[in-house]
Amino acid sequence: MKLTSATPWGVYSVWWRHFQVYRSTWLVNCLPPISEPVVYLLAFGYGLTPLIGGVDYLGQQVPYATFIAPGMIAVGVLFQSFFEGAYSSFIRLNFQKTWQALLTAPLSFTDVFLGDWFWAATKGTIAGTLTGLVAVIANLYAPSSLVLSLPLIVLGSLLFGAFGLLVAGAVNKVDQVNVPIFLVVIPMFTLSGTYFPRDTLPPLLERVADLLPLAALVDLLRWPLGLPPWWPWSLLWLLGWLVLMARLAALRIYPRLFS
Amino acid sequence: MATEMLNLTAYDLWKQYGDTPVVQGISFTLQPGEIVGLLGPNGAGKTTTVGMLFGTVVPSRGFVQFGPWQMPTQGPQARTQMGIVTQEDNLDPDFTVFKNLTHFAHHYRITGQAAKQRAGELLALVNLSDRAQAQVDELSGGMKRRLVLARALLNQPQLVFLDEPTTGLDPDARQDFWRLVQHLKASGCGILLTTHYMDEAQRLCDRILLLQQGKVIDEGSPEALVERVIGQEVAEVEGIAADLLKTLAQRHGAWCRSFGSGHLVTLPSPTADLLWNAIEAHHPQRLLRRPANLEDVFLRLTGSLLE
C-alpha cells in the first residue's frame with residue numbers, strides 16, 4: 001500500500017457526508033445507542049449503590065455511582081465508535097459502495113479513510129460526552145472534569161473507531177463482525193474496571209484486564225478520583241494501540257479498493 | 001479549472017493478477033471531443049483498463065498521463081477534470097436524488113447555492129427534474145444510470161469514463177443515454193466508453209479498440225474497421241452444405257465461417273451480386289443479406305461472438 005496524500009478539504013468533505021446522513025435521522029441515530037450507557041449508569045448506579053455502598057478505589061472509599069460514571073463514559077465511547085467503524089463502514093464499503101463512489105471524486109484513499117475514521121471517532125465522542133453530561137446532571141462527574149476529559153474521550157474514540165475499521169476491512173460478511181464483538185468488545189466492556197475495580201478479579205485475569213485498552217481509558221477518565229502511578233504509560237498504551245489499529249485498518253481496507 | 005484541453009494517454013498498460021495477465025500492452029490517446037470505445041466480450045479487460053485510467057487499478061507496467069497528471073499517484077488531482085460512471089450503481093441510498101448531487105458536489109468544493117444550481121441544471125439535462133425529491137431506491141435502472149452520469153458531470157469534466165453504462169437497460173433507456181453521450185461529445189468532452197454492445201459502439205464511437213484477452217486486436221473508426229475487415233455486406237446462410245458454400249466463397253475471394261446454425265459469408269464488392277446470386281441459386285432454407293457490422297468484425301478477428 002502506498003500512502004496517498006490527504007487534503008484537509010477532502011477529509012472534511014468525507015466526514016461531512018457522513019454527518020449529513022446522521023443529521024437527517026439524528027434522533028434515530030442518536031438516542032438508542034446513547035441510552036445504553038445512560039441506562040447502565042442509572043440502573044447500576046442507583047440500583048446497586050444501596051447494596052454495595054462504596055467501592056475501594058486507590059485507597060479511598062468512593063460511592064458506587066461515582067465510581068461507575070467514568071466507566072460508562074468509556075463504554076459510550078467504545079460502543080459508538082466501534083460500531084460506526086465496524087458495521088457502518090463495512091456497509092459503506094461492501095453494500096452501498098460509498099467508498100468506491102467517493103474515489104471517483106477528487107479524493108484520495110487517505111481522505112476517505114480519515115474521513116470515515118474521524119466520523120467513527122465523532123460518534124464515540126458524542127456518545128461519551130452525552131453520557132458524561134448525564135453524569136454531570138446526576139452530580140457524579142464535575143462539569144470542569146468533563147471538559148478536561150474531552151481529549152481522553154476523543155483519544156478513546158479514535159482508538160476504538162480504528163479498531164472498528166480494522167474489523168470492517170478484515171471480515172467478509174457482516175455477520176462476522178459479531179466475532180470480535182463477543183471475543184473482544186464484550187469482555188473488554190465488562191472486565192476493564194467499568195463496573196468494578198479490577199483488583200477484585202483473580203490475579204491472572206486482573207493482569208489480562210489491566211492490559212485491555214479500555215482499562216487504560218477508564219483509569220484515565222477516572223482521574224478526578226485519582227490516577228494510578230502508571231498513568232503516563234496508560235496514555236502511551238492508548239496511543240500505541242491507536243497507531244497500530246489505524247495502520248492495520250488502512251492495510252486491510254486499501255486492497256479492497258485498489259488492485 | 002484548467003482552460004487548456006487535456007489529452008489522456010495510456011502508455012503500454014499491463015496488468016497481471018498473480019500469473020494471470022488481464023491487460024497486455026494497451027496504448028492509446030484520447031483527444032478532447034472524441035469518443036473512444038473499448039469493445040470486447042466480458043472478461044476482455046475493459047474495466048481493468050478503465051480502473052488504470054482513473055486510478056483505482058495500479059498498472060503492473062506502463063503508465064497513464066492525463067494532462068499534467070500521472071495516474072495513479074496524482075489521481076485526486078486528475079479527477080478534478082474527470083467524470084466517472086462506474087459499472088456498478090454506487091448512488092447514495094441515504095439521500096434524495098437532489099442531495100445525491102449537492103452532497104457529491106461538496107467533494108469538488110462546490111457548495112451552497114452553487115451546488116444547488118448545478119444539481120438543478122444537471123437534473124434538467126438528464127431529465128430527472130421531476131424526481132428531484134425521490135429516494136434513489138424509487139428510481140428505475142435507466143434513471144439511476146442517468147443520475148450517476150449527472151453526478152459525474154458536476155465538475156464539468158473534460159473527460160468522462162462510461163463503463164458499460166447501458167448494461168441491463170431497456171432499448172428506450174439506452175436511447176436516452178446515448179442522446180446524453182452525444183450531447184457531451186458536442187460540448188467538447190472526451191469520452192471513454194466500454195461496452196460489449198456492438199450497436200452502441202458503432203453508433204457512438206469515433207474510434208474503437210477491439211479487445212480480446214487484454215490485448216487490442218484491432219482499432220479504427222467503426223466504419224473503417226468494418227470496411228477493412230469485412231467489407232460492405234454479408235450474407236447469413238442456412239441450409240447449404242458447408243463445403244459447397246466455402247467453395248463458392250473461395251471462388252469470389254470471400255470469407256466464410258460458421259455462425260449460429262448456419263454460415264456467415266462476406267459479399268466483397270464488386271462481385272457481391274454474383275456471389276449472392278450463386279448462393280441463392282442453391283435455394284438455402286434461410287438467406288439474409290445485410291450491411292456488415294462490428295459483430296462480424298469481431299467474429300472474423302477472434303473467431304467468437306461478442307456476447
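This is a predicted model: local features need pLDDT of at least 70, side-chain atom pairs count only at pLDDT 80 or more; totals for chains, interfaces and linings use all residues.

Residues are numbered from 1 along each chain as its sequence is written, chains are lettered from A and ligands numbered from 1 in the order in which they are written, and side-chain values use heavy atoms, with hydrogens and water left out.

**Interface of chains A and B**

Contact, meaning heavy atoms within 4.5 Å, involves 23 residues of chain A and 27 residues of chain B. The buried area, that is, the accessible area (1.4 Å probe) that two parts lose on being put together, summed over both, is about 2400 Å², and carbon and sulfur atoms give 59% of it. On the side of chain A, the most area is lost by A:Trp9, A:Thr104 and A:Pro106, which together account for 29% of what that side buries.

The rule finds 3 salt bridges across this interface, a salt bridge being a side-chain nitrogen of Lys or Arg within 4 Å of a carboxyl oxygen of Asp or Glu. In one salt bridge, A:Arg17 pairs with B:Asp92. Helices (H or I, at least four residues) and strands (E, at least two) are DSSP runs, numbered from the N terminus; H1(A) gives 8 residues, the largest share of the side of chain A that touches chain B.

**Salt bridges**

Over all chains, a search of the whole structure finds 26 salt bridges. Because A:Arg17 lies in helix H1 of chain A and B:Asp92 in the loop between E6 and H3 of chain B, their pair joins two chains.

| A:Arg17 | B:Asp92 | 2.6 Å |

Buried means under 20% relative accessible area, exposed over 50%, and partly exposed in between (1.4 Å probe, protein chains only). A:Arg17 is buried at 3%, as is B:Asp92 at 11%. B:Arg145 is buried at 4%, whereas B:Asp89 is partly exposed at 35%. B:Arg174 is buried at 12%, and B:Glu200 is buried at 0%.

**Surface of chain A**

A:Leu27, found in helix H2 (residues 26–52) of chain A, is partly exposed, with a relative accessible area of 45%.
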